[in-house]
Amino acid sequence: MIANKITEDARKNQLTVYLPDTRGVTVSRFGRGNLKIGAGVYTYSRLPGKYAGTCPGSSSMCEEICYAKRVVLEGGVVADMWAENGFGYRAVALPDALPPDCRLLRLHISGDFDTVEYVEGWTSLIRANPGVRVWAYTRSWRVPELLPSLERLRALPNVQLFASMDASIAELPPTGWRVAWIDGDERCSRSLTDPFHQAAPYDARAAVQGRVGYVCPEETGRKRDCEACGYCFDGRLNDVVFLRH
């Protein structure tokens with residue numbers, strides 16, 4: 001029906017329309033770029049949420065303000081891709097390989113680490129690709145059975161894994177983790193001055209009053225995107241503060 005309508009319109013306007021040949025074409029399980037992270041960054045995401053999705057460590061505030069849920073409600077090819085990559089503790093095989101030209105990979109624009117097997121799978125895949133820099137923000141550090149696997153993933157030299165926090169989470173992240181705060185959390189002060197090489201490693205067992213986090217420069221217009229900034233994937237120390245979005 002749609003093809004007939006296109007053909008009729010083409011004849012009427014004396015246009016030639018070429019329909020795509022889809023033989024042998026597959027849809028990648030990876031995304032690539034957006035206005036925030038940059039065109040050169042690959043992404044891998046899953047359905048969000050604690051109960052219907054892949055976020056076992058999510059908090060009440062996280063569930064309330066999750067921007068990724070809006071994408072799912074709207075539907076479309078992005079939501080379909082996220083569903084293909086996993087939801088609701090569904091056993092999903094990881095991709096066999098990263099895209100051949102991948103140099104930057106942002107895990108979980110939507111979704112999170114939900115099983116030991118899933119975390120260990122990413123650890124093996126990333127270890128086999130030492131030239132790819134990977135970063136992610138996770139609340140799954142709050143799930144005791146996942147923490148040992150997350151620590152192994154975080155220990156890889158080409159991985160930066162942040163413990164995501166918000167005001168509804170009372171406990172503190174594990175020792176040594178970089179932390180991603182939400183602006184307004186009284187346990188972290190904000191700074192617009194790049195502390196890339198200034199602070200000592202974070203110790204969650206110490207008092208966190210006065211802890212300084214670098215406000216995401218993309219969100220305040222100080223940097224074009226994550227790719228141009230590099231703070232989260234090139235830095236080895238210090239926290240980041242995100243505005244509510």
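This note goes through a predicted model point by point, from its overall make-up to single residues.

1. Overall make-up. The protein has eight helices and nine strands. Of its 245 residues, 46% are buried. Among contacts with a sequence separation of 6 or more, 69% are between residues 24 or more positions apart.

2. Helix 5 against helix 6. The axes of helix 5 and helix 6 are 9 Å apart, and the two helices pack at an angle of about 10 degrees. Angles under 35 degrees count as roughly parallel, and helix 5 and helix 6 are therefore roughly parallel to each other. The crossing of helix 5 past helix 6 is left-handed. On the side of helix 5, the contact is made by Val116, Val119, Glu120, Trp122, Thr123 and Ile126. Helix 6 contributes Ser149, Leu150, Arg152 and Leu153. Sorted by class, the contact of helix 5 with helix 6 has six nonpolar, two polar and two charged residues.

3. Glu120 and Arg152 form a salt bridge, with 2.6 Å between the closest N and O atoms. The pair links distant parts of the chain, 32 residues apart: Glu120 belongs to helix 5 (residues 116-127) and Arg152 to helix 6 (residues 147-154). Glu120 has a relative accessible area of 23% and is partly exposed. Arg152, with 42% relative accessibility, also counts as partly exposed.

4. A salt bridge between loops. Arg142 and Glu171 meet through their side chains in a salt bridge of 2.7 Å, N to O. Arg142 is in the loop between strand 4 (133-138) and helix 6, while Glu171 is in the loop between strand 5 (159-164) and strand 6 (178-182), so the pair ties together parts that are 29 residues apart in sequence. The relative accessible area of Arg142 is 27%, which makes Arg142 partly exposed. Glu171 is partly exposed at 33% relative accessibility.

5. Is the salt bridge of Asp185 with Arg187 made by buried or exposed residues? The side chains of Asp185 and Arg187 meet at 2.9 Å, N to O. The cut-off for buried is under 20% relative accessible area. Asp185 has 7% and is therefore buried; Arg187, at 15%, is buried as well. A search of the whole structure finds 13 salt bridges.

6. Positive phi angles. Most residues other than glycine have a negative phi. Which residues here have a positive phi without being glycine? His108 is one of them, with a phi of about 70 degrees. His108 is located in the loop between strand 3 (104-107) and helix 5, and its relative accessible area of 3% makes it buried. Asn238 has a positive phi of about 80 degrees and is likewise not a glycine. Asn238 sits in the loop between helix 8 (231-234) and strand 9 (239-242). With 3% relative accessibility, Asn238 counts as buried.

7. Surroundings of Cys232. Cys232 is part of helix 8 and is buried, at 11% relative accessibility. What does Cys232 touch, leaving aside residues up to four places away in sequence? The residues in contact are Trp135, Tyr137, Gln160, Phe162, Arg178 and Val240. One of these, Gln160, is 72 residues away from Cys232 along the chain, yet their C-alpha atoms are separated by 7.0 Å.

8. Surroundings of Ser164. Ser164 is found in strand 5. The relative accessible area of Ser164 is 8%, so this residue is buried. Not counting residues up to four places away in sequence, Ser164 touches Tyr137, Thr138, Arg139, Trp141, Ile169 and Ala180. Tyr137 is touched by Ser164 and by Cys232.

Technical notes
Residues numbered from 1 in each chain as written. Heavy atoms only, no water. Salt bridge = Lys/Arg side-chain N within 4 Å of Asp/Glu carboxyl O. Helix = DSSP H or I, 4+ residues; strand = E, 2+ residues; numbered from the N terminus. Buried < 20%, exposed > 50% of the residue type's maximum accessible area, 1.4 Å probe, protein only. Axes fitted to C-alpha atoms, helices over the stretch in contact; angles between N-to-C directions. Parallel < 35°, antiparallel > 145°, perpendicular 65-115°, else oblique. Left-handed = near helix turned anticlockwise from the far one by under 90°. Contact = heavy atoms within 4.5 Å. Nonpolar A, V, L, I, M, F, W, Y, C, P; charged D, E, K, R; others polar.
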